[in-house]
Amino acid sequence: SLYVLKKPPRAAEYWILGIDYGTNNAFAAVLIGISTGISTQSSPMMWVEKEYYWDSKVTGRQKTNSEFADDVKAFIEPYAVKAIYMDPSAASFRLELQRRGLHAVNADNDVENGIQKVTSEMKKGSLFILDTCPNLIREVEGYVWDAKRAEKGFDEPLKANDHAIDAMRYAVHSHKISIYDSIKHKEQRDQYIHTRYLLDGRQYS
């Protein structure tokens, strides 16, 4: 697939995490590397670097909120994670993460616009998935829309096998990347130099 890579396309400036919380259903977390494009003077880029996936139906054991929180903290330990985006309904688990000093916040859970955002970024070549994320890749390749809901005029995905996708959607749709604008950057730099020149001139006049 065009969106699947073997290694990160750039060096990440920081990372974000998306979480789809589940106990009876699978618990999924995806770590996303972010390049704002400042160092390369190009457009922003994101890639899902690795995943955490726990399906109690497969493993035969459910984990507690405390266990999941410890797993998440260990999962992101080596990375400079700026924010953790998660389903607003998982309030108790968000508190577990916050008690461990992690910056966990409510994600924007607008499903339709979130899917459009993810799809748009992939088509632009601004969002990739590393091949170290087999569950996410499997879900993306098997993603389907709900035909029954479509008959009633609603564009909604079929809610099955979409836990890692939801985690990615929470993060990608919620996080706002500072976009590098070379013209605006130059104008700001020139304005700063001009202002400093005037201030220095007044100081010594």
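Let's start with the largest nonpolar core in this predicted model: it holds 26 residues, and Ile32, Val48, Ile129, Leu136 and Met168 touch the most other members. The elements giving two or more residues to this core are β2 (14-20), β3, β4, β5 (81-86), β7 (127-130), α5 (134-141) and α7. Helix α7 hands over the largest share, seven residues. As a bit of background, nonpolar side chains tend to be buried together in soluble globular proteins.

**The cores**

- Take Leu136, one of the residues that touch the most other core members.
- Leaving aside residues up to four places away in sequence, Leu136 touches Val30, Val48, Glu51, Ile129, Ala164, Ile165 and Met168.
- Back to the core as a whole: its largest share, seven residues, comes from α7.
- Apart from this core lies another one, made of 20 residues, including Ile19, Ala29, Phe93 and Leu97.

**Helix α7, under cover**

- How many residues of α7 are buried? The count is 12 of its 12 residues, so this helix is mostly covered, going by the under 20% relative accessible area cut-off.
- The buried residues include charged ones, as Asp166 and Arg169 are both among them.
- His163, Tyr170 and Ser174 are also among the buried residues of α7.
- From its first C-alpha to its last, α7 reaches 17 Å, close to the 16 Å expected at 1.5 Å a residue.

- Ala167 sits in helix α7.
- Is Ala167 buried or exposed? Its relative accessibility is 0%, so Ala167 counts as buried.
- Not counting residues up to four places away in sequence, Ala167 touches Gly18, Ile19, Asp20, Ala28, Ala29 and Val30.
- Ala28 is 139 residues away from Ala167 along the chain, yet their C-alpha atoms are separated by 6.4 Å.

**The largest pocket**

- The largest pocket has about 240 Å³ of space.
- It is lined by 12 residues, and the closest to its centre are Val118, Thr119, Met122, Val140 and Met168.
- Helices α4 (111-124) and α7 (163-174) each supply at least two residues of the lining.
- Which element gives the most to the lining? That's α4, with five residues.
- By type, the lining residues split into nine nonpolar, one polar and two charged.

- Glu121 has its place in helix α4.
- With a relative accessibility of 7%, Glu121 counts as buried, because buried means under 20%.
- Setting aside residues up to four places away in sequence, Glu121 touches Met46, Ser126, Leu127 and Val172.
- Where is Ser43 found? Look in the loop between β3 (27-35) and β4 (45-54).
- Ser43 has a relative accessible area of 44%, which means it is partly exposed.
- Arg10, Thr36 and Gly37 are the residues Ser43 touches, not counting those up to four places away in sequence.
- Ser43 and Ser178 are 135 residues apart in sequence and 10.0 Å apart in space, C-alpha to C-alpha.

**The whole chain**

- The secondary structure comes to eight helices and seven strands.
- Of the 205 residues in the protein chain, 41% count as buried.
- Among contacts with a separation of 6 or more, residues 24 or more positions apart account for 65%.

Conventions: Residues numbered from 1 in each chain as written. Predicted model: local features only at pLDDT ≥ 70, side-chain atom pairs only at ≥ 80, totals over all residues. Heavy atoms only, no water. 1 Å grid on protein atoms, 1.4 Å probe; cavity = no way out; pocket = protein on both sides within 12 Å on 5 of 7 lines; lining within 4 Å. Points joined across faces, edges and corners; volume = space filled by probe spheres on them. Helix = DSSP H or I, 4+ residues; strand = E, 2+ residues; numbered from the N terminus. Expected span 1.5 Å × (residues − 1). Buried < 20%, exposed > 50% of the residue type's maximum accessible area, 1.4 Å probe, protein only. Contact = heavy atoms within 4.5 Å. Core = buried A, V, L, I, M, F, W, Y, C linked by side-chain atoms within 4.5 Å.
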